[in-house]
Amino acid sequence: MTDDLEFRDAAARDAALAEVLPVQVARAQGLSGYGLAGVDAAGVTDRAALAALPVLRKSDLIAAQKDAPPLGGLTGPISGFTHVFQSPGPIYEPGKIDGDWFRMARFLRACGIGTDDIVQNCFGYHLTPAGMMFESGARAVGATVLPAGTGQTELQAKAAAQLGITAYAGTPDYLKVILEKADELGLTLGITKAAVSGGALFPSLREWYRDRGIACRQCYATADLGNIAYESEAMEGLIVDEGVIVEIVTPGTGDPVPEGEVGEVVVTTLNPDYPLIRFATGDLSAVLPGQSPCGRTNMRIKGWMGRADQTAKIKGMFVRPEQVADLVARHPEVSRARVTVTREGEADAMHVALETDAPAGGYEDSVRDVLKLRGTVETVAPGSLPRDGKVIDDQRHYD
């Protein structure tokens, strides 16, 4: 229940990327919403060339859609899609129900879901795309779908029993609610597979499902990009989907971090209908070295490790990761910076640490000019700051 693309060697994957990536960049250049003027699309054939392109952020989508509604010139006419969705912002995302447009099939196959299964799809179908994303994937693997959505737990439990539901799709915790309601009603459910997303799957909850004979696996997906990465039976990290390119970068910049270091997840989709190039998810993760024991060969990430949007309001002023990146860029001898925010008495206090071999002192003016605030500044040895993805560490407590 896999496909050949999942088992390609690195050379074959790189060769395919060299063919499709320039075409995808050229597609984006042909649309009015992308700032890629002057880029030689034909030269963007590998990850190194891709990393030189600008990062696209959710705020850019919102601004573009305000200027050129409804889709901001980031894709073709809305009439070319079967659906359009709304996410907070608001941001409008196009979609198609057929053809595994959201690329969920690989994940569902990895969960063991196929033609013999009836999937109780408890993702929402109202405005946001999660319900349709999983339905599209279920169609692609030949499963039958009960479009259950959320709520009405007693009806959900009864339907699961009466229809002989074998698989669940939804948030990690809602299946437990259904199972407990079924227990209360004296119903026996036949669910043995669960495909979850949209929340944290805690080890204790996974174990609770395992004790009831349910194999629960998770994926990482977004409304804009579809499936990004997914668990296999090995359950060692999340395997990157074959339809996207994932980079892990320093928050506030587009600079890739070394393997294993925490950073922001930036994704380029190879979907020709919606060619998002270097789209910043705002999530933190890290590359997991090595190859999955299941035999799938693509890069793995550790899963969701927090939010990259570390913007903090200090003394009434917003300090953003992009400003910290600008501070580092001003000084070639500085390799990294970290802003720590605390409280001293009843006032905010800002401390800036700079990794450099240069003598201490001389950076206070730059800090004030770039961050628009005064704070204590110290220089530290290269490599001494934590590699946890944080460039702004807000340690204030409000309780």
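Which element gives the most to the lining of the largest pocket? In this predicted model, the element is β7, with 5 residues.

**The chain as a whole**

The protein chain holds 10 helices and 20 strands. Its radius of gyration is 23 Å, close to the 21 Å that the globule rule gives for 399 residues, so the chain is as compact as a globular protein of that length. Along its principal axes, the C-alpha trace spans about 70 × 55 × 45 Å. Of the 399 residues, 50% count as buried. Among contacts with a separation of 6 or more, 63% are made by residues 24 or more positions apart.

**Pockets and cavities**

Rolling a probe the size of a water molecule over the atoms shows where empty space is left. The table lists the spaces described below.

| Space | Volume | Lining by class |
|---|---|---|
| Largest pocket | about 1,100 Å³ | 21 nonpolar, 13 polar, 8 charged |
| Second largest pocket | about 770 Å³ | 19 nonpolar, 6 polar, 11 charged |
| Largest cavity | about 90 Å³ | 6 nonpolar, 2 polar, 4 charged |
| Second largest cavity | about 50 Å³ | 4 nonpolar, 3 polar, 2 charged |

The largest pocket has a volume of about 1,100 Å³. It is lined by 42 residues, and those closest to its centre are Ser 197, Gly 198, Gly 199, Tyr 220 and Ala 221. Helices and strands that each supply at least two residues of this lining are α3 (58-67), β2 (91-95), α5 (130-140), α8 (203-211), β7 (215-222) and β12 (279-285).

The second largest pocket has 36 lining residues, with Arg 13, Arg 47, Val 244, Ile 245 and Asn 298 nearest its centre. Two or more residues of its lining come from each of α1 (10-29), α2 (47-50), β10 (244-249) and β13 (287-288). Here α1 gives the most, with 8 residues.

How many cavities of 30 Å³ or more are there? The count comes to 2. The lining of the largest cavity draws at least three residues from each of domain 1 (4-306) and domain 2 (312-394). Among the residues that line this cavity are Thr 250, Pro 251, Val 257, Glu 261, Arg 336, Ala 337, Pro 386, Asp 388 and Lys 390. The second largest cavity is lined by Trp 101, Phe 102, Arg 103, Asp 224, Leu 225, Gly 226, Thr 269, Asn 271 and Tyr 274.

Conventions
Residues are numbered from 1 along each chain as its sequence is written. This is a predicted model: local features need pLDDT of at least 70, side-chain atom pairs count only at pLDDT 80 or more; totals for chains, interfaces and linings use all residues. Side-chain values use heavy atoms; hydrogens and water are left out. On a 1 Å grid over the protein atoms alone, a cavity is a set of points where a 1.4 Å probe fits but cannot get out, and a pocket is an open set with protein on both sides within 12 Å along at least five of seven lines; lining residues have an atom within 4 Å of a point. Grid points are joined across faces, edges and corners, and a volume is the space filled by probe spheres set on the points. Ala, Val, Leu, Ile, Met, Phe, Trp, Tyr, Cys and Pro count as nonpolar, Asp, Glu, Lys and Arg as charged, and the others, Gly among them, as polar. Domain bounds come from an automatic or database domain assignment. Helices (H or I, at least four residues) and strands (E, at least two) are DSSP runs, numbered from the N terminus. The radius of gyration is taken over C-alpha atoms; the globule rule is 2.2 Å times the number of residues to the power 0.38. Buried means under 20% relative accessible area, exposed over 50%, partly exposed in between (1.4 Å probe, protein chains only). Contact means heavy atoms within 4.5 Å.
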